[in-house]
Amino acid sequence: MKFLKLRLKNFKPYLTRGEFQEIPLFDTDVKSSYITLNIGQTGFGKTSISEAIMWCLFGEDFVAQWEDFVNSLSIQIAKEYKEETVDMVVELLLEIGHNSYKVIRQGIYCIDSKQREKNTELYVIYNGEPLPNPIIFIGKNFPVVKLMEYFIFDADDILKKFQDNQKKAIGDHINKLVGVEKLDKIIESLRDVSDLLDREIFEMQNKIQDDLSEKRKNVWEDIKTKEIALKELKEEIEQRNKKKRKLFEPSPTPEEEEFYNLIKKRDSLTDKIEKLNAEFQENKITSNLDLLLLKQILDSTVKKINEKKTSKEEFEGSIKLIQSALGEAYSGLFFKAEDEINLIKKDTQISGASLEKVHELNLEFGGEMKSDAIYTFCEHNTRMKEIEEKFENFRTRYKEAKEELLKTINRIKLKGETTKTKELKEKIEKFKELENQINIRKNRMEEIEEKKREKKNEHKELIEKIKMSEEQESEVKKLKNKQEFVRRLSLISDKAKKEFLSGIINYINTNSSNSLRNIVRDTKRFNSIEIDNDYSFKIKRENGEELKQNQINRGTLTISMLSFFFGLSQYLEKGIPYIIDNPLIRLDPGHDKRLIEELSKHKNQIILHLIPGKEYTKESYNWLKSKINMQNWIQRYEFMDKDLISSVDSQDKYKFIEFNIDEF
Amino acid sequence: MPYEIFEGKKKVRKIRNTKDNNDFDIFKKRFGFSEEIDLASFCTAISFFKKYKGDHVEIFPPPSMMEMANMQSFKKAKLYDSLILHYLDIAEDRLVEFEKYFYSGFKFLRDWLERYGPNLNLEIELYSELWDFLMTEKKSDD
């Protein structure tokens, strides 16, 4: 997708009488680059270009009070000419695939009432004809307005959002923009269908009359009662959660906000640990944790040998242990090359030089055995190593989250005890009471769930005893087949989602790390960007160590964030253009040049708004000209209002002109 | 004579006693094992590890046993058989020896859960705490 041209009428500084003001955004004749630069001083109307595009696409959804966008001078002029309304119009010419569309948004402002005449009108023109449903066109081609802030933004603002709520920003990007969220909804719907079929099967089986039908019916009723109770409890919890939020929602004091933020942090950490546990369960490594204990024995043996602390007895014990782990079929270890170790099968004939190596490794106390040979065995036992790494990874993540959680809980407790504000004290008391009520209900839910499971098992056993007619059996079989199909579909979708997500994350990590390295060129300190499965964002050194927040300046963080954005954007089919305000202002010398070079490799259109003198100089032009598609100079002409009103037909207050390097 | 796992025994057994058996089921659920034999191996490995560390481990046969799984479903049978044969140097009744170590590990797990387990709800919590305990626990005579 490309934004080709923007046409404006009375939108913010873009005052016109009659003709629109035009800003070209893309030159289709230039194929080598997709970068457009808009250069202009602060307050000259660069950000208004971004806002105009957003308003054109989303109207009231972007800004409810769009009356504030109407050029104030245009209102004065209209009054002078005894006009009742002012037209504010933005036209965006865009290209999707090989088709051109014109999106038009029009708002009419009433001078007397100082309000809109009506809500904005949206038109999309294709091949000279308006499309019947322009809103569908926008919905199909652009994400929702909130997500557009990841495409059209001010570098500083988005960096702040990114720092404040990193996981949400990354989660939004990955889940919503690439459509993983839709996959989630599909999985949820499939589960609902499966439950529905489950119910249908049960209902059908329950209708069958035999000696056990009464008992079956009672058990089934019991299950249903429990389900109703669970639903009620869930609603009660939700109501109390809402009350909890409401306690602190209307304009909280900074102290209240701090307390509530701590609560939110606690809840998000609890949630994180629960998700981590679910991931741990899914990985099914527990059935192999015994191997890790055995590996501990082997590792410890090697350590003792290395430190020469072992007695002959212990040594022999260790050798036996190693032999037992190697298995009967093998008689020793054999270095094939420096870093490659082979197990020697019993009765293998080894000749010449290799035989010497085998003698070096003979498993005799006081002999020439190299302890690292045993260690290499452990290292080479990929199964043990893989399990160990996974387990350690889980343990580290769990411990970090748990430590943070305990700290947060203590801070919450302390805040509750030390606050001197009466209102906050009361709110905390109410909050605690609500949390107690929620916990009581959660415990109750667990109890009911457990009983429901028991009843379901009982029902299952009773069902197995039913003697059905052929017709009934075939009916149940049909339903069960359907259910099996849905279950498989759900499993496939779930698997696809996981593979899809891990594929995207790998893709982003690789691409954004490459970009970071190309721009910053300090690979020892800033070597890679890593997004975890829980969407945490890490910048790592060459040695794999994670950099802390205070070790990264804002410029490098901006580069990392942009690297992430562009890493992902290559994944998105639609290729929505990016419009970024002041991306270079925080960057270290040299990084600006390399950022533009890196951006010029992307196939997405990128429109950058730069401040002359700070982000763009005469010297910039020399190296920039080959990297860009086109550049615009946003100029402003100052007039005294009284002069302008009498001569307004021939003059514009603000004017955009084509860029001319000599004038600059 | 061809090498035979656990001297050609066909079944692996578990403890018959009702209380032990109930506890075994509870542990299986709490630790998230899908197969009973996996929990039995885990208990056995705990005993091996504790013995290696020099902790006091009382190894004695369980009171009475009943069938748990057949040998084909015990995927690590060869490993444990080999460990008992070579590491423990026991050639005869190796499956009985396995049961002893399993029972001892099981008893350790029960004591540990009674003492440290009541507030540990999630699997990852349980394993993480148990691991720390096993790795850092001092010998009783230290």
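1. Glu125(B) and Lys402(A) join their side chains in a salt bridge, 3.1 Å from N to O. A salt bridge here is a side-chain nitrogen of Lys or Arg within 4 Å of a carboxyl oxygen of Asp or Glu. Between chain B and chain A the count is 5 salt bridges.

2. A word on the basis. This is a predicted model, where local features need pLDDT of at least 70, side-chain atom pairs count only at pLDDT 80 or more, and totals for chains, interfaces and linings use all residues. Residues are numbered from 1 along each chain as its sequence is written, chains are lettered from A and ligands numbered from 1 in the order in which they are written, and side-chain values use heavy atoms, with hydrogens and water left out.

3. Now the interface as a whole. The contact (heavy atoms within 4.5 Å) takes 35 residues from chain A and 32 residues from chain B. The two chains bury about 3,000 Å² between them, 65% of it on carbon and sulfur atoms. Buried area is the accessible area (1.4 Å probe) that two parts lose on being put together, summed over both. In chain B, Tyr52(B), Ile124(B) and Trp131(B) lose the most area to chain A, together 24% of what that side buries.

4. Next, helices H2(B) and H3(B). Helices are DSSP runs (H or I, at least four residues), numbered from the N terminus. H2(B) covers residues 36–53 and H3(B) residues 77–87; they pack at about 25°, axes 12 Å apart. Axes are lines fitted to C-alpha atoms over the stretch in contact, and angles run from 0 to 180 degrees between N-to-C directions. The pair is therefore roughly parallel (angles under 35 degrees). Ser41(B), Thr44(B), Ala45(B), Phe48(B) and Tyr52(B) of H2(B) meet Tyr80(B), Leu83(B), Ile84(B) and Tyr87(B) of H3(B).

5. H2(B) also packs on H5(B), at about 25° with axes 10 Å apart. These two helices are therefore roughly parallel as well. From H2(B) come Phe42(B), Ile46(B), Phe49(B), Lys50(B) and Lys53(B); they meet Tyr127(B), Leu130(B), Trp131(B), Leu134(B), Met135(B) and Thr136(B) in H5(B).

6. H4(B) (residues 94–116) and H5(B) (residues 123–136) pack at about 110°, axes 12 Å apart. That makes H4(B) roughly perpendicular to H5(B) (65 to 115 degrees). Phe108(B), Leu109(B), Trp112(B), Leu113(B) and Tyr116(B) of H4(B) touch Leu126(B), Glu129(B), Leu130(B), Phe133(B) and Leu134(B) of H5(B).

Methods: Angles under 35 degrees count as roughly parallel, over 145 as roughly antiparallel, 65 to 115 as roughly perpendicular and the rest as oblique.
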